[in-house]
Amino acid sequence: MFDSFRQTSRPNEFTNDVEATPEAAPTPSDGSSLAWDTRIQCFAGCFILSCIASLCASILLMISSLAGFCVLTSIGSIMSLIGTCFLMGPLKQLKNMFSANRWVASLAYIAFIMMALISGLVLKNTPLALIFTILQYVAMAYYSLTYIPFAKQYIDRWLCSCLN
């Protein structure tokens with residue numbers, strides 16, 4: 001089912017032959033033992049669960065349950081990260097996240113997810129959870145910018161000029 005997508009998005013990864021079977025073993029560098037079709041299905045499942053969590057979080061925001069909003073938003077973010085681990089493989093995902101030019105953004109993103117969960121579930125401090133959720137979105141945007149060439153450098157220069 002996903003052969004044409006696999007061949008166009010990742011040609012020659014499994015073998016030198018473009019007509020590779022979907023059950024071909026992945027390369028050892030990505031750390032995943034799942035077949036490509038299974039990886040796509042798991043990614044899609046995590047993406048759908050992430051969307052459902054975000055939708056439920058929006059509903060909780062509308063009914064003024066800010067702590068629930070923060071927790072479900074964080075769960076949706078975690079599901080998105082898990083989904084990309086299925087797609088790329090966990091080792092490659094971690095290598096990308098903690099490469100030299102994006103480790104700070106990755107660490108901030110993960111830290112704000114954890115702090116939003118802790119402040120919403122353990123401390124039951126809604127204002128603090130809301131602050132961490134907002135910072136989580138800022139960190140996610142900054143993390144996303146690290147994948148665009150020169151965007152991170154532009155933002156870094158802009159932030160330095162604002163702070164000086």
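For "transmembrane region", the unreviewed UniProt entry lists residues 42–60, 66–91, 103–123 and 129–148. UniProt positions are given here in the numbering of this model, with feature names shortened, and such annotations may be inferred rather than shown by experiment. The model is a predicted one, in which local features need pLDDT of at least 70 and side-chain atom pairs count only at pLDDT 80 or more, while totals for chains, interfaces and linings use all residues. Residues are numbered from 1 along each chain as its sequence is written, and side-chain values use heavy atoms, leaving out hydrogens and water.

Let us take two of the listed spans. Residues 66–91 are 96% helix and 0% strand, and their end C-alpha atoms lie 35 Å apart. Residues 103–123 are 95% helix and 0% strand, with 28 Å between the end C-alpha atoms. Helices here are DSSP runs of H or I with at least four residues, strands are runs of E with at least two, and both are numbered from the N terminus.

How do H3 and H5 pack? Helix H3, residues 66–88, and helix H5, residues 103–122, pack at an angle of about 145°, and their axes are 9 Å apart. Axes are lines fitted to C-alpha atoms, for helices over the stretch in contact, and angles run from 0 to 180 degrees between N-to-C directions. On the H3 side, Val71, Ser74, Ile75, Ser77, Ile78 and Leu81 meet residues of H5, among them Tyr109, Ile113 and Leu117; contact means heavy atoms within 4.5 Å.

Which residues of H5 are buried? They are Ala105, Ser106, Tyr109, Phe112, Ile113, Ala116, Leu117, Ser119 and Gly120, where buried means under 20% relative accessible area, exposed over 50% and partly exposed in between, with a 1.4 Å probe and protein chains only. The cover over these buried residues includes H3, helix H4 (90–97) and helix H6 (126–145).

I turn now to the loops. Lys124 lies in the loop between H5 and H6, and its phi is positive, near 55°. Because its relative accessibility is 63%, Lys124 counts as exposed. Phe150 is in the loop between H6 and helix H7 (151–163). The phi of Phe150 is also positive, near 70°, and Phe150 is exposed, with a relative accessible area of 67%. For context, most residues other than glycine have a negative phi.

Thank you for your attention.
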